[in-house]
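Student: I would like to learn how to read the features of a structure step by step. Could you take me through this one?

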Amino acid sequence: MKRTDKNIMVKSSDSGLYTQRLLALPVLQDVDDLAKLIRVTPELICKYVSNNKHHYFQFKEEKKTPGQFRDISKPNQELKAIQRWILRNILDKLKPSPYAKGFIRGQNLTANAKPHEGKQYVLNIDLKDFFSSVPAKNVCTLFKSLGYSPLLSFQLANICTLEGSLPQGAPTSPSLSNLVTIRLDYRIGKYCEKFALTYTRYADDITISGNKLSIIKKARSMVSKILSEEGFTIHPVKNKLSGPRVRREVTGLVVNEKLGIGKKKFNYYRTKMFLLKKNQDPSFESICIGIIAYVKSVDKIKANKLIDYYKKLQGNTSKISLVI
């Protein structure tokens, strides 16, 4: 007996529901189901499914490098609430690749730098326009892979994207960027493991380290090819290979012999503490304690030096017990 298109559609729908239940995700077949779970009207959801541009506040934010800015697109409160629901109930239940260290609970700059500690050569690659390089079609494909129908996946993708890509400023973008780049991470990660190299990615910062110059140079070429195939562009001035005779850094932390903050960062924090005290800043204690707590998590020797300096500036130890 011939199967009808209707039979195929029912079978496909059943398979999608099974996938959603298997992954412990909200069971959704259409916008009505989504609206019911979020406790809003279907009309409100549909409002944000297309032509989202006028629902975002767009502005420029200065980067750490003076004179350079990034474009921020901040959704309105209504859209942000819908995106946060998607983040909490769908995206947060999914696991990114083990190579991803940014935008993940329990991971931080230290977790990203630690695997590269003591390696002779460190290759740092920065991706240009990271979020805007993730197309809406890839986000749609992700939702389809979770068992959601093509139409609902398209609608979810539209809610989370702006003008065809991930907006920097939406609460869903960091998590989606990690999930959509799983294939990229595994392509680079498995290649590196094959040649005894270490790979991590902290958002748009890619780090590869190893002990043989010839191998890491070859990896640089291969990784560039993979990134291009996956739709990403390397920042032309943020592509650096450091060797044993220079300071090797990973996302701002020194990884030469032992993980630490380095002399430059130590002097920066020391100067900041001094200026806060000199200007009688009311936040002096809380900021200093925060600095010391962070440094202690990375570099206990430098943290102890900052504690001594704090005591010298403050003249008492009333708050220091919080970070020792």
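Tutor: Helices (H or I, at least four residues) and strands (E, at least two) are DSSP runs, numbered from the N terminus; counted in this way, the chain has 13 helices and eight strands. Please keep in mind that this is a predicted model, in which local features need pLDDT of at least 70, side-chain atom pairs count only at pLDDT 80 or more, and totals for chains, interfaces and linings use all residues. Residues are numbered from 1 along each chain as its sequence is written, and side-chain values use heavy atoms, with hydrogens and water left out.

Student: What share of the 324 residues of the chain counts as buried?

Tutor: Buried means under 20% relative accessible area, exposed over 50%, and partly exposed in between, with a 1.4 Å probe and protein chains only. By that rule, 44% of the 324 residues are buried.

Student: Which residues are buried in helix α2?

Tutor: In α2 (residues 31-38), they are Val31, Leu34, Ala35 and Ile38. Seen down the axis of α2, they fall within an arc of 95°, so they line one face of the helix. These buried residues pack against α3 (42-47), α4 (77-89) and α7 (150-160).

Student: At what angle do the axes of α6 and α8 cross?

Tutor: Axes are lines fitted to C-alpha atoms, for helices over the stretch in contact, and angles run from 0 to 180 degrees between N-to-C directions. The axes of α6 (residues 136-145) and α8 (residues 173-180) come within 10 Å and cross at roughly 80°. That makes α6 roughly perpendicular to α8, a term for angles of 65 to 115 degrees. Asn138, Val139, Leu142 and Phe143 in α6 meet Leu176, Leu179 and Val180 in α8.

Key: Angles under 35 degrees count as roughly parallel, over 145 as roughly antiparallel, 65 to 115 as roughly perpendicular and the rest as oblique. Contact means heavy atoms within 4.5 Å. The arc is that of the directions from the helix axis to the C-beta atoms.
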